[in-house]
Amino acid sequence: RTTLERLYEDKRDKEGKVKAGKAPPALPPEALRQEKHRIQAQLRADYQNLIAAWPGYRSYEFFFADDLNNAKLNSIANYYDFVPGFERLLELNQGDLPNFYAAVNRLASKPKAERHEWLRGLGQKRPSPITEPSP
């Protein structure tokens with residue numbers, strides 16, 4: 001993901017969303033397409049190396065079965081952007097799953113932008129106090 005962002009000279013906004021760079025890319029369109037295909041081929045090769053190292057592990061076969069498009073890559077990216085925040089929330093609840101689920105349900109009632117900001121901040125373990133979503 002980071003490699004593709006650099007290729008297209010994309011930037012991230014304050015919410016962590018990728019935004020197209022303002023300047024035209026340094027490479028011409030055909031060179032961009034070729035480099036994108038090279039990066040995707042490397043991703044597929046990395047996955048093949050991973051499953052070779054872990055025999056029987058094929059959890060992402062479905063992911064690589066079709067084209068790697070932006071929608072598919074973004075769905076995975078969004079998931080991983082919030083994992084650190086959810087891990088920290090579980091830690092704040094001392095690993096107690098019912099309390100964690102209750103906190104997640106309270107968080108779900110917040111507006112999307114607020115939810116995302118809160119989770120990203122929690123995942124970054126900001127020094128400023130972050131409180132659990134209130135009921």
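Which side chain meets that of Asp81 in a salt bridge? In this predicted model, the partner turns out to be Arg120, with N and O 3.9 Å apart. The pair ties together distant parts of the chain, as Asp81 belongs to helix H4 (residues 70-92) and Arg120 to helix H6 (residues 112-124), 39 residues apart. Asp81 is partly exposed at 23% relative accessible area, while Arg120 is buried at 14%.

Another of them joins Glu5 and Arg1, at 3.6 Å from N to O. Here Glu5 is buried, at 12% relative accessible area, and Arg1 is partly exposed, at 41%. Arg1, Glu5, Asp81 and Arg120 all belong to a network of salt bridges. Helix H4 also holds Glu91 and Arg88, three residues apart and so separated by about one helical turn. These two form a salt bridge as well, their closest N and O atoms lying 2.6 Å apart.

Now for the rings. Five aromatic pairs show up in the structure. Tyr60 and Phe62 count as stacked because their planes sit at 25°, with the ring centres 6.1 Å apart. Of these two, Tyr60 is partly exposed at 27% and Phe62 is exposed at 59% relative accessibility. Phe63 and Phe64, by contrast, pair edge-to-face, with 80° between the planes and 5.2 Å from centre to centre. Both are buried, Phe63 at 8% and Phe64 at 16%. Together with Tyr47 they make up one aromatic cluster. Phe63 has a charged neighbour too: the charged end of Lys72 sits over its ring, 5.3 Å from the centre.

Notes:
Residues are numbered from 1 along each chain as its sequence is written. This is a predicted model: local features need pLDDT of at least 70, side-chain atom pairs count only at pLDDT 80 or more; totals for chains, interfaces and linings use all residues. Side-chain values use heavy atoms; hydrogens and water are left out. Rings of Phe, Tyr and Trp (its six-membered ring) pair if their centres lie within 6.5 Å; planes under 30 degrees apart count as stacked, over 60 as edge-to-face and the rest as tilted. Buried means under 20% relative accessible area, exposed over 50%, partly exposed in between (1.4 Å probe, protein chains only). A charge sits over a ring if NZ of Lys or CZ of Arg is within 6 Å of the ring centre and within 35 degrees of the ring normal. A salt bridge is a side-chain nitrogen of Lys or Arg within 4 Å of a carboxyl oxygen of Asp or Glu. Helices (H or I, at least four residues) and strands (E, at least two) are DSSP runs, numbered from the N terminus.
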